[in-house]
Amino acid sequence: MAASSVPLMKLELPSKSVQELLKTAEKQVPERYIYQLSEEKSSADHSDIKYMDSPIIDLSLLSSASSSHQLQNELRKLQTAISSWGCFQLINHGLSSSLLNQIREVGREFFDLPLEVKQKHCRTLDWFEGYGGDTVSENQSYNWNDRLHLRVHPLERRNFKLWPEYLPNFRETLEEYTMKVRRVLEMILQAIARSLNLDEDIFLKECGGKEGINMFTRFNYYPPCSSRGHVLGLKPHSDGTAITILLQDKQVEGLQVLKDDQWFKVPIVSDSLFINIGDQLEIMSNGILRSVVHKVVIDKEKERTSVAMQCSPHFDKEIGPLSELIDNERPQMYKKIKDYLSVYFQYYPRGERAITKVKL
Ligand code: OGA
Ligand code: NI
């Protein structure tokens with residue numbers, strides 16, 4: 001798909017981080033952050049929103065060590081979860097509580113730094129890595145979110161200028177976290193393939209192999225807001241990834257997912273990782289798996305953090321529906337596409353879903 005087929009738009013970045021805004025602003029939320037509730041009845045009252053009946057998948061049961069009965073059972077559960085909700089909570093994933101706490105902690109330490117220091121890591125308009133907010137088009141509201149976005153894999157593509165290396169444990173912790181999450185990513189992609197009766201390495205190969213796969217870490221910081229009904233931490237979106245592995249805040253909820261036109265709160269399951277299918281796995285699976293639409297609401301009093309590991313195919317790899325998943329009953333539903341993320345970022349700033357543009 002050629003970039004030129006997309007109408008041009010002017011991209012804008014918030015001039016201040018939300019954190020900084022809160023230091024200087026009066027009580028009123030600036031107009032530009034007020035979310036227009038065009039597609040939702042009201043986000044002002046979240047109390048009547050139900051919790052999702054969160055599918056819980058046990059990674060230890062998906063390993064070859066478990067009995068074949070347990071394994072088949074867990075694979076079935078997984079397949080149901082990802083084709084209905086498009087997400088699940090992963091437990092027994094092998095990452096220790098202490099590592100989960102450490103990665104949350106180094107993220108928090110970064111956001112606690114003085115503004116002048118954080119500004120050294122600022123993103124630019126044309127590339128999303130770095131510190132700042134998300135770009136939006138002229139007529140769109142900003143997210144109530146500051147984030148630090150870093151490429152962590154492949155190793156040679158790390159841009160250490162953007163890493164706060166003077167924070168004592170930052171690099172070491174992020175490297176260890178990446179290594180462990182990578183293992184989880186591989187196991188999950190293999191399990192998903194097996195749950196669809198495919199060769200277990202098929203998705204890994206489609207992503208450019210273990211060495212080629214792209215991983216970006218997004219540290220999210222959501223300051224509290226007393227007019228929480230008027231702002232959104234992240235507006236409704238699906239991820240442009242193949243898969244996202246999210247570590248939620250330990251205490252403060254905020255993530256919601258959409259299913260059958262209804263929003264559901266995602267509960268906090270202690271020490272779990274929240275896994276969601278992204279657009280690129282939906283495409284590869286020819287629509288059998290669902291890339292879940294989700295958003296983040298803001299707490300009135302408490303700040304919230306999260307750490308998202310976004311895993312995407314290598315930029316040079318063309319992806320498309322797997323031939324094994326195309327037949328007369330399920331004809332090919334999406335075009336083949338290379339560098340889906342660049343298409344994704346042409347639509348995300350307008351609040352539109354890129355995946356609808358590659359549908360046949
Ligand atoms: C994201 C995302 C959810 C959260 O970073 O894409 O959806 O809970 N994050 O922060
Ligand atoms: Ni997301």
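Trainee: At what angle do helix H2 and helix H5 pack, and how far apart are their axes?

Mentor: Let's start with the general idea. Two packed helices are described by the angle between their axes and the distance between the axes. In this predicted model, local features need pLDDT of at least 70 and side-chain atom pairs count only at pLDDT 80 or more, while totals for chains, interfaces and linings use all residues. Residues are numbered from 1 along each chain as its sequence is written, chains are lettered from A and ligands numbered from 1 in the order in which they are written, and side-chain values use heavy atoms, with hydrogens and water left out. Here, H2 (residues 68–84) and H5 (residues 170–195) pack at about 90°, their axes being 9 Å apart. That makes H2 roughly perpendicular to H5 (angles of 65 to 115 degrees count as roughly perpendicular, under 35 as roughly parallel, over 145 as roughly antiparallel and the rest as oblique). The axes are lines fitted to C-alpha atoms, for helices over the stretch in contact, and angles run from 0 to 180 degrees between N-to-C directions. Helices (H or I, at least four residues) and strands (E, at least two) are DSSP runs, numbered from the N terminus.

Trainee: Which residues of H2 and H5 meet?

Mentor: From H2 come Leu71, Leu75, Leu78, Gln79 and Ile82, and they meet Ala191, Ile192, Arg194 and Ser195 of H5. Contact means heavy atoms within 4.5 Å. By class, this contact has six nonpolar, two polar and one charged residues (Ala, Val, Leu, Ile, Met, Phe, Trp, Tyr, Cys and Pro count as nonpolar, Asp, Glu, Lys and Arg as charged, and the others, Gly among them, as polar).

Trainee: Which residues of H2 are buried, and where do they fall around its axis?

Mentor: An α-helix has 3.6 residues a turn, so residues three or four places apart point the same way. In H2, the buried residues are Leu71, Glu74, Leu75, Leu78, Ala81 and Ile82. Seen down the axis, they fall within an arc of 125°, so they line one face of H2. The arc is that of the directions from the helix axis to the C-beta atoms. Buried means under 20% relative accessible area, exposed over 50%, and partly exposed in between, with a 1.4 Å probe and protein chains only. On the other side of H2, His69 and Arg76 are exposed. The buried residues pack against strand S2 (56–58), strand S3 (87–91), H5 and strand S12 (273–277).

Trainee: Which residues of helix H3 are buried?

Mentor: They are Leu99, Leu100, Ile103, Arg104, Val106, Gly107, Phe110 and Phe111. Their arc around the axis is only 160°, which puts them on the same side of H3. Asparagine 101 also has its place in H3 (residues 97–111), and this asparagine 101 is partly exposed, at 29% relative accessible area.

Trainee: What backbone features could I look up next?

Mentor: Most residues other than glycine have a negative phi, and most peptide bonds are trans. Asparagine 92 is not a glycine, yet has a positive phi of about 50°. Asparagine 92 lies in the loop between S3 and H3. Aspartate 271, also not a glycine, has a positive phi of about 65° and lies in the loop between strand S11 (262–265) and S12.

Trainee: Which peptide bond is cis?

Mentor: Look from histidine 153 to proline 154: that bond is cis, with omega near 0°. Proline 154 lies in the loop between strand S6 (146–153) and H5.
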